Amino acid sequence: MNQKEAVAAGRTALGIEFGSTRIKAVLIGEDSTPLASGSHEWENQYEDGIWTYSLDAVWDGLQDCYRNLSQDVQYKYGEELTAVGSIGFSAMMHGYMAFDKNGDLLVPFRTWRNTITEQAAEKLTEAFHYNIPQRWSIAHLYQAILNDEAHVKDVAFLTTLAGYIHWKMTGEKVIGIGDASGMFPIDSAIRDYNAAMVETFDQLTASYGYPWKLGDILPKVLCAGASAGVLTKEGARLLDPAGNLKAGIPVCPPEGDAGTGMAATNSVAVRTGNVSAGTSIFAMIVLEKELRQVYPEIDLVTTPAGDAVAMVHCNNCTSDLNAWVGLFREFAESLGKKVDAGELYAMLYQKALEGDADCGGLLAYNYFSGESITGFDEGRPLFVRSVESHFNLANFMRVHLFTALGALKNGLDILMKQEKVKVDKIYGHGGLFKTPVVGQRMMAAAMDTPVSVMETAGEGGAWGIALLSSYMRGRAQGQSLSDYLDEKVFGGKNGVTQQPVPGDVEGFDEFMKRYNAGLAIERAAVASLK
């Protein structure tokens with residue numbers, strides 16, 4: 001009854017996140033408990049050499065996701081969803097969405113998955129003395145300039161997918177600081193874009209004679225807790241074409257999936273971290289001091305509150321693993337055995353625990369797309385073995401779980417072994433951790449650090465942005481985001497922790513020797529299989 005009353009009175013918070021393969025909405029109550037949810041499956045397209053999503057897919061997906069949420073509310077509580085206390089929107093970070101003065105998209109959305117900005121990323125890294133990854137928005141903009149693309153002169157606004165959705169919902173051209181840190185370097189001391197680097201960029205591009213400067217086209221940066229506008233009548237109708245949702249709802253700053261992952265795992269404080277493992281994989285560690293040098297494998301981003309974070313991001317994680325599970329499912333169905341997908345994943349993941357510590361000499365690469373950490377602009381999923389390899393199902397599954405973490409392991413070793421970064425807590429979330437124990441144990445082996453999974457980890461980033469939305473609404477109490485999460489949301493809960501198994505750690509290190517030595521095989525596959 002209390003939940004029904006909260007829904008009816010709008011004492012709720014709504015979070016919607018655009019992931020790589022799913023758009024998800026979560027409605028939470030005053031105690032942060034999920035009350036209802038909705039989702040929509042979608043996929044990127046590879047068109048004219050670009051990984052993209054169409055704007056039609058964006059809006060159709062958002063509306064279907066919200067419609068499913070509304071139906072869930074109606075089913076559970078018998079209430080029409082007409083109002084919520086606050087809303088937040090989040091999405092995959094990075095990429096390139098450039099608009100002209102009329103608000104029209106100038107070129108198709110270029111997602112984080114594209115590895116087409118190597119020249120720009122290298123030049124900007126050198127000019128800024130700061131690592132600029134290929135997927136960052138500024139790298140895409142500068143590459144378009146270097147390519148002499150005609151649309152650049154017409155750019156009036158540059159933003160991310162979350163920033164775009166927020167703009168259309170509220171009319172406000174703003175962005176959460178965590179999402180902004182994947183567009184352009186942030187100065188955590190001032191909680192804004194690095195002014196010296198903005199000036200450097202303007203100097204680099206001055207000779208092109210564009211009618212804009214960088215500061216003119218970037219969204220305004222806001223930290224967690226700030227007011228970022230309200231849902232307009234047009235925004236409400238875009239979100240809910242049925243017309244039931246009322247305008248005027250406060251909206252929090254739009255955030256990237258890295259920031260919402262930090263919120264959803266209570267890892268926004270110094271010396272905490274999290275690993276998000278799905279289509280892509282990234283590890284985030286909140287730093288207590290600056291790194292000693294610039295590393296191309298390490299991104300420097302921020303928490304939603306603006307604190308500095310070391311991020312290791314890899315484009316590929318579970319896509320190849322999912323494809324193999326799909327093959328096993330097809331095999332079973334060909335024998336007339338209908339298999340539940342969840343049970344199949346659980347069985348195959350558990351099987352990996354029976355494998356040899358080092359995967360029995362097997363080798364695999366999960367590169368559906370390029371992987372900048374290991375120097376690939378393109379990828380080819382690949383499985384390799386020798387006649388001496390111990391080839392069985394357990395090792396086959398284990399090697400595909402290990403390789404899902406392989407590129408990430410290279411980046412993490414820089415932080416842990418070279419920079420001696422200290423981490424007190426690591427939390428896992430995302431599809432890799434859905435099966436109990438297995439994903440955690442593999443991650444613990446890769447990091448040689450205990451890995452915890454919260455009961456709420458399955459709610460993911462949509463729950464995280466709902467929490468940030470709720471935090472904004474209660475900001476008058478003056479709590480920091482870290483304190484709010486500790487006291488109001490998690491209440492001292494630490495989740496289920498998996499300690500590293502020494503044999504697994506040694507086996508993973510042995511596998512990584514094979515993984516790095518075998519990159520030449522992957523390069524040959526890219527060159528040979530066009």
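Leaving aside its neighbours within four places in sequence, which residues is Trp212 in contact with? Contact here means heavy atoms within 4.5 Å. The list is Leu141, Ile145, Val152, Lys153, Val155, Phe201 and Ile217.

Before going on, a word on the source. This is a predicted model, where local features need pLDDT of at least 70, side-chain atom pairs count only at pLDDT 80 or more, and totals for chains, interfaces and linings use all residues. Residues are numbered from 1 along each chain as its sequence is written, and side-chain values use heavy atoms, with hydrogens and water left out.

Back to Trp212. In the largest nonpolar core, of 67 residues, Trp212 is among those with the most contacts inside it. A nonpolar core is a set of buried Ala, Val, Leu, Ile, Met, Phe, Trp, Tyr and Cys residues joined through side-chain atoms within 4.5 Å. Buried means under 20% relative accessible area, with a 1.4 Å probe and protein chains only. Helix α16, residues 460–473, gives the largest share of this core: 8 residues. Helices are DSSP runs of H or I, at least four residues, numbered from the N terminus. A second, separate core has 61 residues, including Tyr295 and Met512. In soluble globular proteins, nonpolar side chains tend to be buried together.

Next, helix α13, residues 393–403. How many of its 11 residues are buried? The count is 10. Among them are Phe396, Arg398 and His400. At the helix start, a side-chain oxygen of Asn392 comes to within 3.4 Å of the backbone nitrogen of Ala394.

Note on methods: Buried means under 20% relative accessible area, exposed over 50%, partly exposed in between (1.4 Å probe, protein chains only). Helices (H or I, at least four residues) and strands (E, at least two) are DSSP runs, numbered from the N terminus. A polar contact is a pair of N or O atoms within 3.5 Å; within protein, one must be able to donate a hydrogen and the other to accept it, and residues adjacent in sequence count only if both atoms are side-chain atoms.
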